Amino acid sequence: MKIMVCPLNGPRNITEFVCGGDVKAVPDPAACSDAEWTDYLFIEDNIAGEVDEWWLHTPSNTWFIARRNTLTDEILATMTVADYFDSKRSAADAVAGAGGAA
Amino acid sequence: MPLALLKHGLSSGRVEPPHLRWQPDLKRTYDVVIIGAGGHGLATAYYLATRHGITNIAVLDRGWLAGGNTARNTTIVRANYLTPEGVAFYKESVELFRGLSTELDINIMYSERGHFTLAHTDAAIRTARWRAEVNKHMGVDSELIDAAEVARLCPVLNTSDEVHYPILGALYHPPGAIARHDAVAWGYAKEAMARGVEVHPATEVTGILVEGGRVRGVETSRGTIHADKVVQAVAGSSSRVAKLAGLRLPIKSIPLQACVSEPVKPILDQIVVSGSLHVYISQSARGEMVMGGVTDPYGLYQTRSTLDFKEGLMAHMLELFPFMADLRVLRQWAGTADMTPDFSPVMGLTPIDNYFIDSGWGTWGFKATPVCGLRMAECIATGRQPEMLKPFLLDRFRTFDLVGEKGAASVGH
C-alpha cells in the first residue's frame with residue numbers, strides 16, 4: 001500500500017485520501033470572460049512531472065497540499081494549506097524584491 | 001494445410017510474404033501526417049485512402065505499431081450508451097466492426113457475446129432503464145431484464161441474494177462483443193499500406209509547426225516534415241502532443257489497470273459489467289478471464305500495476321463468480337487513459353487550421369476505432385466537422401454543451 005503523509009494525521013494509506021485536482025488561481029467570476037471561466041472549470045494543464053495538488057484526508061476531512069511527480073508516482077512533499085500559500089507568497093515577494101533591486 | 005505448415009516449419013527461408021510494406025525513408029512532404037500509429041490513427045489513414053483517395057500519408061509513432069492503448073484495452077465493443085449523440089456514434093462503430101474482418105481481409109475474431117450491465121441498487125436500475133429506452137429509440141438492441149432473466153441467460157453468475165450486493169436486474173445488450181484488438185490495428189495498417197500509406201515507427205514528433213494560425217508540418221526525431229494537414233491520435237499523450245501545437249485540453253491522464261487469469265476451458269460466454277461493484281469481465285477466445293475495473297484514484301503518466309487494484313477487483317469479482325477463487329492472475333498491465341469531464345471524446349477541428357484532434361478516449365477508445373477513423377477521415381478530407389462528430393468538438397466546453405456519458409462509459413460511478 002502506498003503511504004501519504006497527512007500534515008495533521010501523519011503517514012496513512014493512500015486509500016484514505018482523495019485527490020482534489022491542481023492548485024490553480026480562481027478567476028473572479030464577476031470580472032472574467034466566459035472563456036476564462038470555462039477554462040478554469042474544464043481545462044487541465046495535465047503536467048507530466050511535478051504538480052501541486054489539493055488532497056483530502058477523508059476520515060478527518062482535512063484538506064492540504066501535496067507535491068507529486070506524475071511521471072515517477074512519487075509523493076515529494078505534503079504541507080498545510082497555510083504553509084503552502086505562505087511559501088508561495090514569500091517566493092513571490094522575493095522575486096518582486098529581486099526585480100526591484102535590478 | 002498441416003503438411004504445408006510442417007514444410008514451412010522445417011524450411012529456413014521466408015515462408016510468407018510480409019503483410020506490411022515498410023517504407024524506410026521519410027519524405028519531406030506529405031498531404032497528411034497522422035501522429036500515432038495506434039488503431040485510431042491507422043483507421044483514419046485507411047479511410048482517407050479508401051473513401052477519399054488520399055494516400056500521400058505518413059503515420060508516425062514514437063514507439064511501434066499499435067503498442068499503446070490499442071494493445072492495452074480489454075477489447076469490448078458495444079453501443080449501449082446513455083446520450084443520443086453517444087449511442088448514434090457507437091452504433092455506427094458496432095456496424096463497422098461486424099464487417100471489418102471482410103473489409104480488412106484479416107480475422108479480427110469478432111465475437112458477439114451479449115453484454116450485461118448488472119444493477120444492484122434502485123439507482124442503477126433507473127440508469128439501466130434510461131439507457132435501455134434511449135438505446136431502443138436509437139435502434140440499438142438493449143433491454144432491462146430482471147434477476148431471474150439474468151440467471152437464465154448467464155447461469156454461471158452468482159445470482160443468489162446471500163451476498164453483500166444482490167443482483168436486482170441488468171441492462172442486457174445482445175450485440176455486445178469482443179474482438180482481437182491487435183488484429184484490428186494490423187488490418188488497418190496492412191490495407192492502408194497496400195494503398196501507399198507510410199507507417200513510420202520509432203519516429204517521435206518533437207514539435208508542431210504552426211504559422212499564422214495554420215499548421216505547416218511537424219518536427220520529428222528524423223527531421224522536419226511539411227504537411228498540409230496534421231492529425232494527433234495519441235491516447236495517453238494527448239495533452240503533451242497538443243501542447244506542442246499550443247493547445248490546452250480538458251483532459252487528465254489517469255492509469256486504467258487490467259489483468260487476465262490463466263486460461264481455462266470456456267465457462268463464461270457473456271461480458272459482465274457491474275457499475276456498482278466497479279468490475280467487468282469476459283472470457284477471451286483462448287480462455288483467459290479478462291478483467292478490469294475503475295481508473296486509478298489520481299492522475300499519473302505511468303503504467304505500473306498495483307496490488308490495491310487487484311484486491312479491490314477480486315473482492316467483488318468473487319461475489320459474482322465464486323469459482324474465480326481457484327484461478328490465478330497470469331498477466332497485469334495498465335494504460336494511460338485520457339479522462340474528460342463528461343466521459344466523452346474530443347474529436348475533429350481545433351482552433352488551428354488544418355490541425356485535427358482525436359483524443360479524450362478515456363476508457364472507451366477501442367470500441368470506437370472504426371467509426372472514429374471513418375468520421376475523422378471525413379473531417380480531414382472535407383475540412384468540415386461531420387454531423388456525427390459535432391457533439392464532440394473541443395469547443396463544447398466553452399459553451400457548456402457537454403455530452404454526459406459517465407453513467408454508461410465507466411464502471412466508476
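**Notebook: a predicted model of chains A and B**

I began with burial in chain B: of its 413 residues, 52% count as buried. I used this scale: a residue is buried if 20 or more other C-beta atoms lie within 10 Å of its own, exposed if 12 or fewer, and partly exposed in between, with C-beta atoms placed from the backbone. I note that this is a predicted model, in which local features need pLDDT of at least 70, side-chain atom pairs count only at pLDDT 80 or more, and totals for chains, interfaces and linings use all residues. Residues are numbered from 1 along each chain as its sequence is written, while chains are lettered from A and ligands numbered from 1 in the order in which they are written.

**Entry 1: chain B overall**

I looked up the secondary structure of chain B and found eleven helices and 19 strands. Here helices (H or I, at least four residues) and strands (E, at least two) are DSSP runs, numbered from the N terminus. The radius of gyration of chain B is 22 Å, close to the 22 Å that the globule rule gives for 413 residues, so chain B is as compact as a globular protein of that length. That radius is taken over C-alpha atoms, and the rule is 2.2 Å times the number of residues to the power 0.38. Along the principal axes, the C-alpha atoms of chain B fill a box of roughly 65 × 65 × 40 Å. Of the contacts in chain B with a separation of 6 or more, 76% are between residues 24 or more positions apart. I count two residues as in contact if their C-beta atoms, placed from the backbone, lie within 7 Å.

**Entry 2: the eight-stranded sheet of chain B**

I traced an open sheet of eight strands in chain B, in the order S6-S7-S5-S14-S15-S16-S13-S17, with mixed pairing. Two strands pair if DSSP finds at least two bridges between them. Strand S6 (143-146) and strand S17 (329-339) of chain B stand at the edges with a single partner strand each, so one side of each has no neighbour in the sheet. On average, neighbouring strands of this sheet are turned by 20° against each other, direction ignored.

Within the sheet, I followed S15 (residues 279-283) of chain B to S16 (residues 289-295) of chain B; they run antiparallel and are joined by five bridges. Val279(B) has Gly293(B) as its bridge partner in S16(B).

I then asked which helices lie across these strands. Helix H5 (residues 122-137) of chain B lies across S5 (115-119), S6 and S7 (169-173) of chain B, at about 25° to S7(B). Helix H9 (residues 307-320) of chain B lies across S13, S14 (271-274), S15, S16 and S17 of chain B, at about 120° to S16(B). For these angles, axes are lines fitted to C-alpha atoms, for helices over the stretch in contact, and values run from 0 to 180 degrees between N-to-C directions.

**Entry 3: two hairpins in chain B**

Strands S10 (residues 205-211) and S11 (residues 214-220) of chain B run antiparallel and are joined by six bridges. Val205(B) is bridged to Thr220(B) in S11(B). S10(B) and S11(B) form a hairpin with two residues between them, and Gly212(B) in the turn has a positive phi of about 55°. S11(B) also pairs in the antiparallel sense with S12 (residues 223-232) of chain B, over four bridges. A hairpin through two residues joins S11(B) to S12(B), and Glu219(B) stands opposite Thr224(B) in S12(B).

**Entry 4: helices H3 and H10 of chain B**

H3 (residues 84-98) and H10 (residues 369-382) of chain B pack at an angle of about 105°, with their axes 7 Å apart. H3(B) and H10(B) are therefore roughly perpendicular to each other; angles of 65 to 115 degrees count as such, under 35 as roughly parallel, over 145 as roughly antiparallel and the rest as oblique. H3(B) contributes Phe89(B), Glu92(B), Ser93(B), Leu96(B) and Phe97(B) to the contact, and H10(B) contributes Pro370(B), Val371(B) and Leu374(B).

**Entry 5: chain A**

In chain A I found two helices and six strands, following the pattern β-β-β-α-β-β-β-α along the sequence. Its radius of gyration is 16 Å, whereas a compact globule of 102 residues would have one near 13 Å. Buried residues make up 14% of chain A. Arg68(A) lies in strand S5 (residues 62-69) of chain A and counts as buried, with 23 C-beta neighbours inside 10 Å.

**Entry 6: where the chains meet**

The contact between the chains takes 19 residues from chain B and 13 residues from chain A.
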